[in-house]
Amino acid sequence: MIQLLEKLFDFFCSLKLAVIVIVGIAVVSSVGTFVEARYDAEYAKAVVYDSMWMYFFLILLCINLLAVMIDRLPWKKRHISFLLAHIGIIITLIGSMVTKLYGVDGSMAFEIGKENRFVTIAEREINIYVSYAQGRPTLLHSQLVNFMKSPPPEPGSGKENDYVIDVDNKKIEVIDYHLYAFRNEEVLLSEKAGDPPAVRFRLSNPRVNLSQWLRLDSVNRQTKKDLGPAIVHLAKMGKKIDRNLEKAEIVIRPVSDDQLKVELFSKGSETAKIQIASPGESIETGWMGLQLQLTSFLPKSKQQLVYEERPKPADNHVSAILVRFGEEQTWVGLNSLVKFFDSDKVYYFSYGNRRLNLGFDLKLDKFEVGRYQGTQRAMSYQSTVQVPEMGQVLISMNEPLKYKGYTFYQSSFEEDEQGNPTLSILSVNKDPGRWLKYFGSFLIVLGSIFLFYFKRMQLKGK
């Protein structure tokens with residue numbers, strides 16, 4: 001037994017293990033680089049950098065460093081540089097782990113004049129709320145999820161689904177997941193009485209080809225789509241339309257299940273050219289050679305949200321999950337929610353980034369943007385924020401705020417179509433392992449200095 005322990009210790013402090021660890025970390029890091037280039041940093045972090053292989057090799061590295069130091073006992077003065085470097089590496093790794101476990105890296109968004117106390121971080125969660133008889137929703141269930149590492153099992157696989165939640169003797173369960181998906185809304189024929197009508201139209205000429213669905217707003221009994229030079233309305237018969245005389249307008253009104261009344265208003269005109277048309281017919285508008293075609297008409301319609309899976313990330317992609325409640329299934333995109341109706345209650349199911357409560361409010365009093373002369377490009381931007389116990393504090397691109405262990409950086413902003421700022425976005429960071437990482441790095445540098453010092457002394461001795 002003693003011989004076995006000695007062999008094991010000799011292996012742990014051997015150069016062979018050191019080479020295995022270095023090569024292992026290099027291979028995992030290389031794989032992570034390729035995965036990140038093909039997908040994105042979030043996916044690479046989840047499946048490579050935070051994988052058991054990376055942690056396995058880092059733990060082996062610490063064991064190797066400790067074993068090598070123990071093997072050099074009793075230590076001598078010439079071992080100082082060696083000990084400092086090895087201890088520094090171990091402390092730096094411990095500091096990184098402390099930051100990973102207890103640190104915060106997220107963002108906060110503020111509207112001007114509004115307060116916020118929540119930081120949005122990368123971790124994701126599902127929450128279920130219930131509301132009885134128009135009462136305030138109450139949280140029933142909250143669960144951190146990582147679908148990249150642990151997706152819902154395939155049907156028939158025999159694996160247990162970790163995302164089945166019991167609610168009042170019923171179940172809400174996550175049954176599918178798309179890492180990258182595009183959000184599409186389909187308009188379908190409905191059999192339910194009272195569902196609103198919808199029409200699909202096409203406006204085209206040799207240079208333009210636009211196709212859109214318009215679905216009636218049941219409350220306002222009208223809806224519209226602004227296509228630039230022309231506005232298209234869908235409205236109930238007899239419903240008055242607020243005209244925009246600066247644009248041409250098309251008003252479509254359902255007459256029956258197979259006929260539509262089309263009113264064509266030229267720009268600046270108060271009178272309309274009126275025509276009764278059936279689905280599939282084309283109408284000359286008289287503007288810019290545009291032709292209106294009523295491609296489809298649904299007397300009763302419903303909207304169905306669909307997320308089309310994509311193999312790689314792209315612009316406007318989002319992750320989405322398929323949720324089932326009883327016989328009902330629906331897709332839920334990241335940072336959105338759906339409602340499930342029961343006999344006397346409503347369930348709200350949300351899927352999104354985790355929101356961390358800071359325990360104190362910050363209020364955005366003012367946001368300012370500096371522009372490059374003669375352009376709308378932002379040169380600088382800054383937020384004036386109300387901070388508890390500190391009053392007004394300026395946070396700019398080069399002047400972060402440090403408060404209660406958190407550091408707030410001016411990250412970005414959003415603006416409306418006129419270029420007026422509407423939202424200030426701050427990056428929020430908490431790094432409890434920072435000083436361990438600094439101290440570990442200091443020891444490594446100090447060890448390197450001592451190494452050159454002892455080398456020089458040895459040369460002088462010769």
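The largest nonpolar core has 32 residues. A nonpolar core is a set of buried Ala, Val, Leu, Ile, Met, Phe, Trp, Tyr and Cys residues joined through side-chain atoms within 4.5 Å. Buried means under 20% relative accessible area, exposed over 50%, and partly exposed in between, with a 1.4 Å probe and protein chains only. Phe 147, Ile 172, Ile 321, Phe 340, Tyr 347, Phe 349 and Tyr 351 touch the most other members.

This is a predicted model: local features need pLDDT of at least 70, side-chain atom pairs count only at pLDDT 80 or more, and totals for chains, interfaces and linings use all residues. Residues are numbered from 1 along each chain as its sequence is written, and side-chain values use heavy atoms, leaving out hydrogens and water.

Strands here are DSSP E runs of at least two residues, helices H or I runs of at least four, numbered from the N terminus. S5 gives the largest share, seven residues.

Take Ile 321. Beyond its neighbours within four places in sequence, Ile 321 is in contact (heavy atoms within 4.5 Å) with residues including Ile 126, Val 174, Trp 331 and Tyr 351. Another core lies apart, with 23 residues, among them Phe 360 and Tyr 406.

Now the cysteines. A disulfide is a pair of cysteine sulfur atoms within 2.5 Å. The count is zero. Cys 13 itself is buried, at 15% relative accessible area.

Last, Val 27. Val 27 sits in helix H2 (residues 15–38). Val 27 is partly exposed, at 47%.
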